[in-house]
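User: I am new to reading protein models. Can we go through some labels and test each one against its definition?

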Amino acid sequence: MAVLNRADFEWGVHHPAYLQAGGTEEKCEALRGDATESGLFNEEELALLALTDQSTRQVEVDAGVIDEVKRLFGEARTVEAVATVAAYNMVSRFLVALAV
């Protein structure tokens, strides 16, 4: 989201936390480009990236994307994922609007 919304501050805060949690610099770089074509992300990560991309770019998420996230994570975790994407979109848009 930070990349999609050009929220550099948010990226700067979450990038080190992601690496500390076991993420890789290679995946971070892929997120700045076409992550889906990188071959670095597993099925679950790709589903969450599709959800994040569609929700951020077009607000509406295709039913097929939601169905795939539900298949992989179940209904409750899908709701949590959608809520997380929505919350971080709010944060990044807030930061960008105030030039933070």
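User: Why is Glu-45 called partly exposed?

Analyst: Its relative accessible area is 25%. Buried means under 20%, exposed means over 50%, and partly exposed lies in between (1.4 Å probe, protein chains only). So Glu-45, at 25%, is partly exposed. Bear in mind that this is a predicted model: local features need pLDDT of at least 70, side-chain atom pairs count only at pLDDT 80 or more, and totals for chains, interfaces and linings use all residues. Residues are numbered from 1 along each chain as its sequence is written, and side-chain values use heavy atoms, with hydrogens and water left out.

User: What makes Lys-27 and Glu-45 a salt bridge?

Analyst: The N to O distance between their side chains is 2.9 Å. A salt bridge needs a side-chain nitrogen of Lys or Arg within 4 Å of a carboxyl oxygen of Asp or Glu. The pair therefore qualifies. It links distant parts of the chain: Lys-27 sits in helix α2 (residues 25-31), Glu-45 in helix α3 (residues 43-58), 18 residues apart. Helices here are DSSP runs (H or I, at least four residues), numbered from the N terminus.

User: Is Lys-27 buried or exposed?

Analyst: Buried, because its relative accessibility is 16%.

User: How many salt bridges does the whole structure hold?

Analyst: The search finds four. Among them is Arg-71 with Glu-43, at 2.4 Å from N to O. Arg-71 lies in helix α4 (residues 63-97) and Glu-43 in helix α3, so this pair ties together parts 28 residues apart in sequence. Glu-68 and Arg-71 also meet in a salt bridge, at 2.8 Å. Both lie in helix α4, three residues apart, about one turn of the helix. Salt bridges with shared partners join Glu-43, Glu-68 and Arg-71 into one network.

User: What makes Phe-9, Val-13, Met-90, Phe-94, Leu-98 and Val-100 a nonpolar patch?

Analyst: Patch residues have over 30% relative accessible area and no salt bridge; nonpolar side chains (Val, Leu, Ile, Met, Phe, Trp, Tyr) are joined within 5 Å, like charges within 9 Å. Val-100 shows the area test: its relative accessibility is 49%, so it is partly exposed and over the 30% limit. Val-100 lies in the segment after α4. Together the six residues have about 610 Å² of accessible area, from the Shrake-Rupley method with a 1.4 Å probe, where only the protein chains shown count as cover for residues.

How values were computed:
Helices (H or I, at least four residues) and strands (E, at least two) are DSSP runs, numbered from the N terminus.
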